[in-house]
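Hi,

Here is the model I promised to pass on.

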Amino acid sequence: MKSNLYKILIVFLSKKDFKLLISDINGKIATIEVKIVNIMDTKYYLTEVDKIPDSIFCYHNLMGENFIESHSHNKGQFLYTEGGVVHIKTDSRTYYLPARHYMWIPPKTKHAIYPNSPKVIMRNLYFPLDAMTSNFYKNEAIYPINNLLLELLLHTKSWNGDVTNSQKNKYAIAIAFKALLEQTTSKSLHFELPHPKDRRLIAIINYLNKQIHEEHLLPQLASKFSMTNKTLYRLFKKDVGMSFIKYYTKLRIFKSLEFLMNSDYNISEIANRVGYNSLPTFSDTFRKIMDKRPSEYRKSKGVYLKS
């Protein structure tokens with residue numbers, strides 16, 4: 001029986017991609033491109049989180065992602081971020097998760113995740129919950145992270161995938177982490193804006209987002225959209241549950257977070273980019289909503305848990 005001889009040349013294109021150049025005795029060449037796929041680089045949140053119902057699932061994303069599509073899972077999710085701002089959109093509202101904070105997302109909560117920069121690092125722990133769990137784990141909310149939780153999170157940074165009760169040390173640490181969320185966390189922070197349902201208000205809020213660099217007053221805005229001042233005021237209160245000035249102020253401050261984390265603009269320039277002509281007014285307003293001044297918040301831009 002005649003055997004065939006082949007020469008194989010491996011050409012590496014990157015750490016995860018290479019090309020096979022296969023030639024036979026006559027010099028004919030075939031090319032095969034190969035991609036090494038890690039299951040943790042795929043849509044793990046759709047396929048892996050709930051695969052083992054009783055496990056605690058860990059996923060530390062150091063590279064950042066552009067978009068995580070709307071989905072839900074049967075486990076509660078702890079989501080921590082550094083290096084930027086993450087937008088979490090549920091059916092009813094958009095949350096603005098700043099660096100050094102975490103969000104708790106209850107089981108079966110449909111949500112999409114939008115990091116505002118590829119530099120954002122997200123760390124996720126998913127916990128199974130029983131029917132007797134406390135109200136803390138049943139409500140979506142944002143909290144500042146404390147030093148104790150940060151140290152424990154640092155300890156888990158090399159974990160990826162399922163942690164089961166057969167892994168006694170890891171499992172005990174993860175369970176303790178979950179318990180400490182409720183026991184050591186301060187009150188939740190209202191870093192969110194409700195979604196408008198009225199088509200008129202949807203158009204107005206889209207306009208405010210696009211023209212965020214300008215200052216908008218209710219009378220001029222009402223006139224632009226052919227409403228009376230009273231009609232527009234009532235529309236905001238009815239549809240999003242807050243006044244125009246409160247909604248608009250939070251929108252401007254949340255937008256300024258992105259400039260603080262992902263630009264080299266100074267604080268005065270950022271104030272102008274969200275429609276403030278007065279730096280002291282911007283700084284004072286920022287502090288009222290974020291509980292610290294813009295300059296203090298910018299210091300949290302660094303990444304402290306990077307491997």
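Let me start with β8: four of its five residues are buried, so this strand is largely enclosed by the rest of the structure. Buried here means under 20% relative accessible area, exposed means over 50%, and partly exposed is in between (1.4 Å probe, protein chains only). Helices (H or I, at least four residues) and strands (E, at least two) are DSSP runs, numbered from the N terminus.

Before going further, the ground rules. This is a predicted model, with local features needing pLDDT of at least 70 and side-chain atom pairs counting only at pLDDT 80 or more, while totals for chains, interfaces and linings use all residues. Residues are numbered from 1 along each chain as its sequence is written, and side-chain values use heavy atoms, with hydrogens and water left out.

Now the strands around β8. Two strands pair if DSSP finds at least two bridges between them. β7 and β8 run antiparallel and are joined by four bridges, with a hairpin of two residues leading from β7 to β8. Valine 86 faces leucine 97 in β8, and lysine 89 has threonine 94 as its bridge partner there. β8 is also joined to β14, again antiparallel, by three bridges; here arginine 93 is partnered with proline 194 of β14.

Four of the five residues of β7 are buried, so β7 is largely enclosed by the rest of the structure.

On a 1 Å grid over the protein atoms alone, a pocket is an open set of points where a 1.4 Å probe fits, with protein on both sides within 12 Å along at least five of seven lines; lining residues have an atom within 4 Å of a point. Grid points are joined across faces, edges and corners, and a volume is the space filled by probe spheres set on the points. The largest pocket comes out at about 390 Å³. It is lined by 20 residues, and the closest to its centre are Lys89, Thr94, Tyr96, Asn209 and Leu251. At least two lining residues each come from β7 (86–90), β8 (93–97), β10 (111–115), β14 (192–194), α4 (199–210) and α7 (244–262), and α7 gives the largest share, five residues. By class, the lining has eleven nonpolar, six polar and three charged residues.

Lysine 89 turns up again in a ring contact: its charged end sits over the ring of tyrosine 114, 4.9 Å from the centre. For that, NZ of Lys or CZ of Arg has to be within 6 Å of the ring centre and within 35 degrees of the ring normal. Lysine 255 does likewise over phenylalanine 259, at 5.8 Å from the ring centre.

On aromatics, there are 19 pairs in the structure. One of them is tyrosine 207 with phenylalanine 225, edge-to-face, at 5.7 Å centre to centre and 75° between the planes. Tyrosine 207 is in α4 and phenylalanine 225 is in the loop between α5 (218–224) and α6 (229–240), so the pair ties together parts 18 residues apart in sequence. (Rings of Phe, Tyr and Trp, its six-membered ring, pair if their centres lie within 6.5 Å, and planes over 60 degrees apart count as edge-to-face.)

Cheers

How values were computed:
Nonpolar A, V, L, I, M, F, W, Y, C, P; charged D, E, K, R; others polar. Phe/Tyr/Trp six-rings, centres within 6.5 Å; stacked < 30°, edge-to-face > 60°.
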